[in-house]
Amino acid sequence: MTLLPAAILILAVAVAGAAFALSAFLWALRTHQFSVKHMNEGAFVIFDKTDRLGEPTDQIFKKPAPDPDERTAD
Amino acid sequence: MRGLQTDQAGPRLDPGAGEKFRDELQRIGIDDSSASPTVFYLASGILWLLIGSFAGAVASFKLHLPEWLGNEATLTFGRLRPVHLNTVTYGWISLAGCGMIVWLMGRLCRTQIRWAGLLYLSALLWNLGLLLGSVLVLAGYDAGMEWLEFPLPAAALIAAAFVLFAVSMFRTFVARQVEHVYVSLWYILASMTWFPVLYVIANAGLYQGVGEAAMNWWYGHNAITVWFTPIGLAGAYYFIPKVIGRPIYSYYLGLLGFWSFALFYNWNGLHHLVGGPLPTWAISVSIVASLMMFVPVLAVAVNHHMTALGHLRIVSYSPTLRFVVFGAMSYTAVSFQGSLEATRTIQEVVHFTHYTIGHAHLGMYAFVSMILFGAIYYILPRLAKWEWPYPTLIKMHFWLSAVGVAIYFLALTIGGWVQGLELNTPSIPFVDVVRSTIPYLWARSIGGTLMTAGHCVFAYHCALIIYRAGPRRFAPAWFRRAEEAAAE
């Protein structure tokens, strides 16, 4: 491909990409993604209702065991 | 049963317990919808991690033992090295990253995964592309550009696979049940918009000569920008606060970090061509943009480190948090190093040396891969409904990977700097410069071998949990008891 068609293609893609990024930003503004309410509450989206804030969630099988290396067979 | 209380009036539910049960049931449904595609992607990624690691280890040894396996063209450095690069980036990181993204999309959008059939097709095409590309490169059909070595048929399969993946993820996003778009989702959605465009343009063969070199590094750096880094940051923004049980330190900084990242990072590629036959202004723009990266990197670094600060005892027992925090710290280190490395003063020394390879591994391994390992340690037990059988294996994996990459990075950083200084000294013959790098290359091979051993341990443990084999644990697979850590 010669330089001109390649340049036109790249320019078209660049303009389309910039338009997409701008529209994403405007959509975020329109849906109030950056509003104070969203900013204050957004960080909590990752937590479920069953999660207790301040408690690590890195466990799912909570039956207590006396030792971490103690294993129980089925 | 949680939420169920008994008194003289008989059993009754806690106020709000019904809502919690509904929430838990909804989460189980969401996880079930993402389980099969996630495991497909993760298992494929781990398989390619093993293949890529062995290819990389052999290629590394050949740098200081050049005659080893030297009679077989397929096993020469020039073929093994691109196979290593492409299988660990488009295989391991991309496929494991897709697996993590599928799971995160369900969780963050609070909805079941839509059009999951596209994901199976995508994973299948992606694996076929990797297999075809690796075989063609080993057979000598290399496309000839770094990061773009796979010939067009293989690249086309991977591009199609990515588009199918992105369609399913965007459909899931549209169906989301949460109004707010969490910061991890911004990174994920942006990467799925950027990367297919980048990959298609770079593989389209539109350029010749100097333009091709410019495109090569525009692509090479942006692949890290728009795909691999968002995978790592999306994971860190989710898993650090989630595991700790506290929201991120500053949500404002999180979004500022994302938008400044989107603004500055994609201009960085041409700093790879400092001293090359390109207009000086183009390279200068790239260097300035590289320095501007301090803005998003500081935003992310402050956020991650302040979130983890005060909860470091959890790092001592939680496998996920230990891997992810290691990755987040590496992100800060590699980004600061990268911004400084882009300047002409540093480039005068480190250009064309092993230093760059050390920097690349700090990013792709110590940052992205470690976060992916941590994510997998969190995700797989929830999908398999089976706890990791052997915490000792997780500990082995962590230390083999962490020590391995530390040796690798330090050896190539010091060795590369020495190599650069010697290359800039005309009185030192070139062959002497090469000889002086050999001890550092040995250290590189030792580091790489340790990482490969860690991957074997990790793959074995993943196979056990996927097949729900090994002893069943009813306690969390932690490095030690939480009470011990709290007592210190």
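The axes of helix α2 (residues 77-109) of chain B and α6(B) come within 10 Å and cross at roughly 40°. That angle makes α2(B) oblique to α6(B), because angles under 35 degrees count as roughly parallel, over 145 as roughly antiparallel, 65 to 115 as roughly perpendicular and the rest as oblique. Axes are lines fitted to C-alpha atoms, for helices over the stretch in contact, and angles run from 0 to 180 degrees between N-to-C directions. Helices are DSSP runs (H or I, at least four residues), numbered from the N terminus.

This is a predicted model: local features need pLDDT of at least 70, side-chain atom pairs count only at pLDDT 80 or more, and totals for chains, interfaces and linings use all residues. Residues are numbered from 1 along each chain as its sequence is written, and chains are lettered from A and ligands numbered from 1 in the order in which they are written.

Which residues in α2(B) and α6(B) meet? Ile93(B), Gly97(B), Met100(B) and Leu104(B) of α2(B) meet Phe228(B), Ile231(B), Ala234(B), Gly235(B) and Tyr238(B) of α6(B). Contact requires C-beta atoms, placed from the backbone, within 7 Å.

Chain B also touches chain A. Here 46 residues of chain B are in contact with 39 residues of chain A. Among the elements giving two or more residues to this side of chain B are α1 (17-64), α6 (209-244) and α13 (355-384).

The table gives residue classes (Ala, Val, Leu, Ile, Met, Phe, Trp, Tyr, Cys and Pro nonpolar; Asp, Glu, Lys and Arg charged; the others, Gly among them, polar).

| α2(B) with α6(B) | seven residues | two residues | no residues |

How values were computed: Two residues are in contact if their C-beta atoms, placed from the backbone, lie within 7 Å.
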